Amino acid sequence: MNVRKQTDGPARSLMRSVGRVMAPFNSLGVIRRINGTERLETLVWEYSHPLWPEASDGFSALFVSDIHYGKLLSRGQFDRMTEAMAALESDCVLLGGDFGEDPEDSPNCIGILAPILRDRRVIAVPGNHDIRGGIYRETLETAVKNAGWEMPVNCCVPLTDGAVLAGLDDFREGDPDPEAVRREVQGTPFVLLLCHNPDALADIASPFYHLALCGHTHGGQVTLFGRPIFSSSRYGGRYLTGWKRENGADILISNGIGTSLLPVRLGATPQMIKIVFRRGPEGRKLLESALSGCGGRKQKSGGKTHDRRRG
Ligand SMILES: [Fe+2]
């Protein structure tokens with residue numbers, strides 16, 4: 001697969017510098033109300049599939065991505081995230097990469113999260129910010145190992161009886177090998193894929209997975225009228241946010257927690273998503289949604305059902 005390496009050009013370097021100057025002002029009242037960085041939306045989805053193992057009906061996964069720990073992430077937002085992690089109990093925690101804004105920040109983020117998540121099974125994949133240039137991969141692997149977490153890269157680990165969790169390497173800075181994963185998961189009833197950048201899925205014409213969990217796009221991070229001003233995806237808005245179905249498989253893309261380059265979010269609220277797996281006809285239902293942080297208020301969904309058979 002063709003992998004594009006990310007390099008910091010003059011424009012990105014300038015944005016990084018501007019972002020670091022802006023970050024301390026994010027806590028000011030007026031900016032907090034306009035900027036969406038100090039909010040967190042938690043969503044609980046029930047996901048039903050006929051191939052999900054019956055013995056594991058009700059198994060749950062908490063999906064957290066794109067923390068971007070570092071100078072752009074406020075202490076308040078980090079605390080909001082860890083409080084939500086604790087509140088949303090689950091059978092496993094799946095971390096979708098981009099732990100740090102800079103690769104040097106990623107091991108620090110993992111080191112802080114490790115004791116917070118010590119009683120939970122944690123499975124992670126790398127994001128482009130974690131292994132930028134490829135030279136930080138070993139540092140990341142060491143941090144993950146020291147945390148007691150698992151990191152399947154182009155391979156899979158058992159998730160529950162009859163289901164595996166497959167992990168792909170990052171699309172921009174790594175070397176994703178979906179065919180290696182396909183060979184490994186042959187004969188497995190249900191495959192859940194954890195993959196930082198959904199662009200890696202576009203060339204998989206015949207998916208080996210049933211549901212893929214992705215991040216990277218940050219919901220556009222700064223959007224106007226639902227369109228991103230700048231897209232980190234080579235496919236523009238195709239993988240912007242939320243649920244998609246491509247080639248017979250489902251994809252769920254999270255807005256993530258933090259920001260990249262600039263500490264600004266507009267129309268792309270930070271998200272944490274819990275998925276409750278059910279065996280049954282293909283469909284999904286939003287069980288609960290809540291918003292915390294600036295302007296946040298607890299709210300519960302009425303259990304809206306999204307049944308693909310009805311289009
Ligand atoms: Fe990211």
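Helices (H or I, at least four residues) and strands (E, at least two) are taken here as DSSP runs, numbered from the N terminus. On that count, the chain holds six helices and 15 strands. The model is a predicted one, so a few ground rules apply: local features need pLDDT of at least 70, side-chain atom pairs count only at pLDDT 80 or more, and totals for chains, interfaces and linings use all residues. Residue numbers start from 1 along each chain, as its sequence is written.

A residue is called buried if 20 or more other C-beta atoms lie within 10 Å of its own, exposed if 12 or fewer, and partly exposed in between, with C-beta atoms placed from the backbone. Contacts, for their part, are pairs of residues whose C-beta atoms, again placed from the backbone, lie within 7 Å. Take the contacts between residues at least 6 apart in sequence, and 75% of them join residues at least 24 apart.

The largest nonpolar core has 71 residues, and Leu94, Leu192, Leu193, Cys195 and Ala212 touch the most other members. Such a core is a set of buried Ala, Val, Leu, Ile, Met, Phe, Trp, Tyr and Cys residues joined through C-beta atoms within 7 Å. Setting aside neighbours within four places in sequence, leucine 193 makes contact with Ala166, Leu168, Tyr209 and Ala212.

Next comes an open sheet of six strands, ordered 5-6-7-8-12-11 and mixed in its pairing. The edges are strand 5 (155–160) and strand 11 (242–246), each with a single partner strand, so one side of each has no neighbour in the sheet. On average, neighbouring strands in this sheet are turned by 25° against each other, direction ignored. Pairing here requires that DSSP finds at least two bridges between two strands. Strand 11 and strand 12 (residues 249–253) pair in the antiparallel sense over five bridges, and glycine 242 has isoleucine 253 of strand 12 as its bridge partner. Helix 6 (residues 178–185) lies across strand 5, strand 6 (163–167) and strand 7 (190–194), and runs at about 45° to strand 5. For such angles, axes are lines fitted to C-alpha atoms, for helices over the stretch in contact, and the values run from 0 to 180 degrees between N-to-C directions.

Strand 1 (residues 39–49) has eight of its eleven residues buried, so the rest of the structure largely encloses it. Ten bridges link strand 1 to strand 14 (residues 283–293) in an antiparallel arrangement, with tyrosine 47 bridged to arginine 284 of strand 14. Strand 1 also runs parallel to strand 13 (residues 271–279), joined by nine bridges; here valine 44 has lysine 274 as its bridge partner.

Helix 5 (residues 137–147) has a clear division of labels along its length: Leu140, Ala143, Val144 and Ala147 are buried. Viewed down the axis of helix 5, these buried residues fall within an arc of 95°, so they line one face of the helix. The arc is that of the directions from the helix axis to the C-beta atoms. On the face turned away from the buried side sit the exposed residues Glu138, Thr142, Lys145 and Asn146. The buried residues of helix 5 pack against helix 4 (105–116) and strand 4 (122–124).

The axes of helix 4 and helix 5 come within 9 Å and cross at roughly 5°. That makes helix 4 roughly parallel to helix 5, a label for angles under 35 degrees, with over 145 counted as roughly antiparallel, 65 to 115 as roughly perpendicular and the rest as oblique. In this pairing of helices, Ser106, Pro107, Ile110, Gly111 and Ala114 of helix 4 meet Thr139, Leu140, Ala143, Val144 and Ala147 of helix 5. After helix 5 comes glycine 148, with a positive phi near 80°.

Valine 222 sits in the loop between strand 8 (211–214) and strand 9 (223–224), and counts as partly exposed with 18 C-beta neighbours inside 10 Å. Its C-alpha atom is 4.5 Å from that of leucine 266, 44 residues apart along the chain. Proline 207 lies in the loop between strand 7 and strand 8. Not counting residues up to four places away in sequence, proline 207 touches Asn247, Gly248 and Ala249.

Technical notes: Two residues are in contact if their C-beta atoms, placed from the backbone, lie within 7 Å.
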